[in-house]
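Welcome! Here is a short briefing to read alongside the sequence and the 3D view.

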Amino acid sequence: MMIYWSFNPILASIGPFSIHWYGVLFVGAFLMAKFVMARIFKAEDVPEELAERLFYFALVGGIVGARLAHCLFYDPAITCPTRWRYCAFGRAVSRVMAV
């Protein structure tokens, strides 16, 4: 039995703006993590402000780390700082954030 994978990465498109599936899943994963983290902090009687700070650090670290790891490991020709804008972010989410 063969499986033919023909997945469209674009969820919706309005003019030049398009919403990709990996972006929706990326946002959903971070929102779910924030919800779970808030419940754990509440159960442990830890101030909720610490949960907010930890969430924002994890969000920025996840996005920056995914972009850096993609550029360094999957597309090393783009490691020049003047060309960071060409570093694709879509593949970074699917490969690096899964780890």
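What pLDDT does the chain average, and what share of the residues score at least 70? This is a predicted model, and its chain averages a pLDDT of 78, with 74% of the residues scoring at least 70. Keep that in mind as you explore the topics below.

**Confidence by element**
- Among the elements of the chain, helix 1 (residues 21–43) has the highest mean pLDDT, at 90.
- Helix 3 (residues 90–95) has the lowest, with a mean of 52.

**Aromatic pairs**
- The count of aromatic pairs comes to three.
- One of them joins phenylalanine 30 and phenylalanine 55: their ring centres are 6.4 Å apart and their planes stand at 75°, over the 60 degrees needed, so this pair is edge-to-face.
- This pair links distant parts of the chain, since phenylalanine 30 lies in helix 1 and phenylalanine 55 in helix 2 (residues 48–74), 25 residues apart.
- Phenylalanine 55 also pairs with tyrosine 56; here the centres are 5.3 Å apart and the planes are at 65°, so this pair is edge-to-face too.
- Together, Phe26, Phe30, Phe55 and Tyr56 make up one aromatic cluster.

- Phenylalanine 30 has a relative accessibility of 13%, under the 20% limit, so it counts as buried.
- Phenylalanine 55 is buried as well, because its relative accessible area is 8%.
- Tyrosine 56 has a relative accessible area of 44%, so this residue is partly exposed.

**A charge over a ring**
- Lysine 34 places its charged end over the ring of phenylalanine 55, 5.2 Å from the ring's centre.

Definitions and conventions:
Residues numbered from 1 in each chain as written. Predicted model: local features only at pLDDT ≥ 70, side-chain atom pairs only at ≥ 80, totals over all residues. Heavy atoms only, no water. pLDDT = per-residue confidence, 0-100. Helix = DSSP H or I, 4+ residues; strand = E, 2+ residues; numbered from the N terminus. Phe/Tyr/Trp six-rings, centres within 6.5 Å; stacked < 30°, edge-to-face > 60°. Buried < 20%, exposed > 50% of the residue type's maximum accessible area, 1.4 Å probe, protein only. Lys NZ or Arg CZ within 6 Å of the ring centre and 35° of its normal.
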